[in-house]
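Here is a short briefing to read with the model open beside you. Take a look at the structure first, then come back for the notes.

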Amino acid sequence: MPAIDVKPAAAPKPRRRTRRLGALGLLGIAILAGWLLVALIGPWLLSGDAIGAAQVFAPASSAHWLGTDYLGRDMLARIVLGARYTVGVALLSTVLACGTGILLAMFAAASGGWIDAVLSRALDTLTSVPSKMLALLMVAAFGASVPVLVTTAAVIYVPGAYRIARALAVNIYAMDYVAVACARGEGRLYLMVREILPNIVGPMLVDLGLRFVYVVLLLASMSFLGLGVQPPAADWGTLVRENIGVLADGGVAVIAPALAIASLTIAVNLAIDSLAGRRGRAR
Amino acid sequence: MGASVDVRDLRVVAQSDQDEQVLVEGVSFSMRPGEVLALIGESGSGKTTTALALMGYARPGCRIAGGSIRIGEVEVTALDAAAQRRLRGRTVAYIAQSAAASFNPSRTLMDQVVEPVRIHGLMPREEAERKAVALFRELALPEPERIGARYPHQVSGGQLQRLMAAMAMMADPDVIVLDEPTTALDVTTQIEVLGAFRRVVRERQVTAVYVSHDLAVVAQMADHVLVMRHGRPREYARIEQVLEAPAEAYTRELLAAAHPAPRPSALTPEATAERALLEVRELSAGYGKVDAKGRPEQLILHDIELKLWRGQTIGVIGESGSGKSTLARCIAGLIEPCEGYVLFDNRYLARTVAERTRENLRRIQMVFQIADTALNPAQEIGEILARPLRFYFGLRGAPLRQRVAELLDLVKLPAAVAGRRPGGLSGGQKQRINLARALAAQPDLILCDEVTSALDPVVAAAILDLIAELRRELNLACLFISHDLHTVRALCDEVVVMRHGRKLAQVAREDYARGPHHPYYELLARSVPELRRGWLDEVLAQPHHAA
Amino acid sequence: MSAFLLRLVARRVGLALLSLLLVSAMVFAITAVLPGDAATEQLGQDATPEAVAALREQLGLGQSVPVRYAHWLGRLVQGDFGRSMVSDATVSELLSSRLPNSLRLAAVTAAISIPLALVLGILAAVRRGSWFDRAVSMGTVAIVSVPEFLVATIAVLVFAVHLRWLPALSYASDISSLGQMLRAFAMPVLTLCCVTVAQMLRMTRAALIDQLEAPYIEMVRLKGATGARLVLAHALPNAIGPIANAVALSMSYLLGGVIVVETIFNYPGVSKLMVDGVAQRDIPLVQACTMIFCAGYLVLVMLADLCGILANPRLRHRR
């Protein structure tokens with residue numbers, strides 16, 4: 001018998017599309033990358049006196065591209081500096097939440113039995129406290145500071161990440177290739193790291209994006225309520241709160257930071273939509 | 001009464017943003033009223049797409065791009081949406097492959113069976129229900145008066161398939177499309193359903209299109225056959241001619257696959273003189289809570305006894321739920337038996353993987369049913385094959401790469417496959433990798449669980465050849481689990497018949513033709529469709545199937 | 001109702017009660033145990049040891065944690081939430097003046113947003129891929145991915161600043177006529193509707209599309225059914241469970257997530273009360289608000305669960 005030739009199956013596969021992200025997906029990724037860059041090197045982009053006081057609530061001009069705030073500080077500089085808090089804190093919390101969620105989920109799926117049951121029950125209880133309630137509760141108890149905020153956001157979003165990762169891991173655990181590895185005599189660690197993890201990382205990346213959006217929104221809301229990052233540090237939510245006075249006049253000082261938040265979250269949404277769509281089509 | 005069907009140059013395409021992909025092209029056939037045409041081919045051959053086109057229907061993302069479809073006097077491709085709806089379910093009715101998925105889970109069976117006539121406003125509800133009950137009776141459904149009040153999850157697969165036939169016949173269609181209607185059923189159930197379908201089709205003189213991959217089934221139902229491959233027609237002829245004098249090479253391959261020739265045995269007299277390689281003694285296993293005596297709530301296996309010699313292949317056959325896969329998993333140590341022992345090479349084997357020595361694990365390898373789920377999609381083929389080599393033999397570097405290449409060669413795949421992921425391979429290629437991974441451990445025994453069931457017949461035949469060749473070359477013992485008696489008899493030295501977790505009979509190769517054997521074995525043997533006209537009539541004429 | 005179904009329902013109710021108990025333990029742990037000594041906290045670092053000891057006595061801090069929890073829980077069950085640390089009123093008094101306002105806001109919003117979201121969600125799912133669906137999907141993505149205060153800000157800019165139809169701020173306390181009430185409610189309700197409609201619409205659309213892709217829908221199509229029958233008689237009944245869930249989630253958001261909206265419009269509801277409580281670290285008040293919101297959330301989710309169970313014939317009629 002001749003060797004089987006590995007030609008691409010001539011049988012037509014319906015609806016297989018080219019793998020491209022689409023213009024909107026690229027736009028999303030570009031905006032996201034831009035903000036990450038600003039968060040990373042933003043302070044060095046500003047000249048020394050960029051923040052210096054000037055006229056209060058000045059409109060946009062060539063000196064102050066986005067006008068000035070309620071103390072006469074340059075809005076653009078404030079937003080650039082705020083990016084570090086908004087993007088940084090949210091990213092840290094998200095990675096913490098998803099990492100913990102995935103680890104616990106793989107442990108639960110590989111252990112099964114009562115360990116799985118107790119873990120799932122305990123994390124389910126956490127989800128029955130609405131996210132903002134839990135955040136308010138934590139701030140009431142421990143005060144508002146960056147470590148408390150990071151921990152709070154991570155704790156709030158661990159159960160969601162855990163639930164998705166566990167569902168994925170349990171599905172994969174039932175696959176025959178895991179049974180093959182079991183029958184070969186592989187240990188639990190090998191199963192988790194080599195067989196399960198590579199197959200849940202892809203779908204979890206989409207989840208990470210969604211959770212990042214939730215965390216940004218949560219932290220922005222907390223700041224808006226005055227219960228987030230405390231002055232003199234200021235994230236974009238704080239900037240909206242500080243300048244809410246000019247809302248009735250449609251002042252740029254309140255609109256600019258609000259749009260900054262919107263641009264970040266919508267960019268992430270666009271990016272994961274096209275990534276998830278590509279995954280779905282490629283399957 | 002049926003209508004004539006005339007299809008000319010049918011072309012169906014799948015459409016995406018930029019490009020078009022041809023699903024079906026150049027298909028033509030014509031049927032006189034009351035004739036039955038079989039569309040036959042492997043998965044992806046376009047047979048279902050062609051059948052659906054008769055209703056003017058193409059799946060989402062696809063469209064009928066050319067050709068003509070005439071049913072009676074009506075040109076289907078020229079109909080507008082409303083006229084198409086009037087055609088569907090009334091002029092042309094459809095019976096789908098998976099009845100379980102094709103019924104709405106949240107509505108009663110009667111609601112759904114009478115729906116076609118209600119949609120087309122053909123008769124009042126009471127009359128429709130009376131007609132449905134009459135059809136249930138005709139299709140030999142149990143409790144015809146009451147079955148309509150049930151929900152889909154409350155009846156069996158065979159019953160659902162017949163209920164779908166009743167639904168299709170409600171509006172007295174001129175043409176009926178049957179899309180692999182018995183593929184998901186066990187063979188003994190399949191006979192009854194086939195018999196019911198044919199009676200209904202014949203008595204009403206309906207024109208029928210029967211889609212299938214199984215030539216033996218088609219031989220019982222069809223007048224004409226259209227063989228398709230890669231979306232194009234290959235051969236179109238009367239069924240007798242296709243069975244007796246096929247014109248195309250591909251049709252001959254299909255015929256050969258449907259009628260598997262016996263593969264040479266690898267069992268030698270010297271081997272049987274020694275003690276058995278594998279001995280299973282009074283093995284029981286199950287699931288659920290364990291009672292005081294250590295017996296689980298649901299016993300899947302009862303007191304199984306089995307002996308297997310070096311070089312021997314034993315086939316284990318049974319319908320779904322017979323416990324045959326559980327047996328293989330117990331031997332592999334994946335399921336802990338509650339009673340009994342497994343002896344391997346004269347030593348007791350530990351019950352679970354965790355307690356077995358690495359050497360014992362190496363010597364028994366399992367090959368799983370569906371290659372798709374048996375290969376990790378995130379790993380390259382090279383890594384999939386290299387892992388057991390590293391794990392059992394500690395191979396590294398160049399010797400490892402060389403051994404991987406040897407393994408690929410052993411299963412007749414080119415070395416370039418090593419760099420690919422499972423997603424880029426066809427079903428048959430994946431099953432070869434699946435075999436190669438088991439062989440990497442240089443086992444003495446391989447447990448093959450339905451390894452050919454998910455494959456197209458021609459591909460499955462090639463895998464059988466490969467297994468037959470390898471077991472002789474490597475002097476392998478093999479436990480071959482399957483639901484298909486033809487396959488098992490072609491490959492195995494002995495057949496073990498299982499039902500409800502018990503071993504009912506064991507028949508040696510030389511005794512296949514001699515009987516009589518256990519009645520259940522006889523029933524199974526009778527139920528496997530044979531590749532000749534009139535087989536179904538003979539079986540149905542026998543007393544057991546009289547009902 | 002069968003005995004099996006009754007057991008199933010009883011099990012769900014029991015689970016909800018268990019969750020509530022666990023939540024109460026968590027709330028107690030976060031607020032009363034983890035932050036350390038409440039007496040020192042309250043009196044500050046400079047307080048005399050005598051004063052701290054006296055307050056500890058008064059707060060019952062001398063007892064073990066489980067005993068304190070049991071006492072706290074016992075009072076909670078009787079509806080006694082303790083005294084506010086700030087305003088010298090009992091927490092119950094504070095809540096009873098605010099709760100009706102919040103419930104009224106939630107009720108009006110629910111009455112508008114639920115039907116709107118369901119209808120738009122169903123239309124978007126049915127016309128999947130059309131310009132209508134794309135517009136709706138883009139709109140909902142935009143709304144759920146921006147903070148509520150931005151939605152509120154835009155609403156204020158458009159309706160109060162630009163068009164001058166409505167007042168920017170609302171005070172539910174001085175409502176004397178229907179017209180005034182409408183005007184006072186308009187901005188918060190509008191903002192909340194935007195958010196809840198977007199949430200429910202997305203999930204309704206997804207749940208329905210899930211069903212519309214099932215093989216049984218193709219079967220119904222091949223019986224010659226119209227689009228309306230396909231959706232209303234076949235797909236929708238199977239999507240009731242997930243849709244009920246979506247509605248419950250959005251409604252629970254109305255109970256607790258209105259925080260920002262109540263703050264921005266200065267609406268005297270419970271959420272505003274809680275935010276003030278957090279800012280002033282009024283622990284009893286925060287505990288009470290959290291427990292009320294969690295109880296509301298658990299009841300809503302349980303109701304949605306029960307809807308899903310009752311809509312599922314596999315559970316209603318067992319084999």
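Predicted model: local features only at pLDDT ≥ 70, side-chain atom pairs only at ≥ 80, totals over all residues.

Residues are numbered from 1 along each chain as its sequence is written, chains are lettered from A in the order in which they are written, and side-chain values use heavy atoms, leaving out hydrogens and water.

**Chain C**
- Chain C has 14 helices and zero strands, counting DSSP runs of H or I with at least four residues as helices and of E with at least two as strands.
- Of its 319 residues, 47% are buried (under 20% relative accessible area, 1.4 Å probe, protein chains only).

**A helix pair**
- In chain C, α5 (residues 91-126) packs against α12 (residues 270-279) at about 135 degrees, with the axes 7 Å apart.
- Contact (heavy atoms within 4.5 Å) involves Leu94(C), Leu95(C), Arg98(C), Leu99(C) and Ser102(C) from α5(C), and Val270(C), Ser271(C), Lys272(C) and Leu273(C) from α12(C).

**Cavities**
- There are eight cavities of 30 Å³ or more, a cavity being a set of points on a 1 Å grid where a 1.4 Å probe fits but cannot get out.
- The largest cavity has a volume of about 70 Å³.
- Its lining (residues with an atom within 4 Å of a point) includes Val180(A), Arg184(A), Leu361(B) and Phe368(B).

Terms used. Axes fitted to C-alpha atoms, helices over the stretch in contact; angles between N-to-C directions. 1 Å grid on protein atoms, 1.4 Å probe; cavity = no way out; pocket = protein on both sides within 12 Å on 5 of 7 lines; lining within 4 Å. Points joined across faces, edges and corners; volume = space filled by probe spheres on them. Buried < 20%, exposed > 50% of the residue type's maximum accessible area, 1.4 Å probe, protein only.
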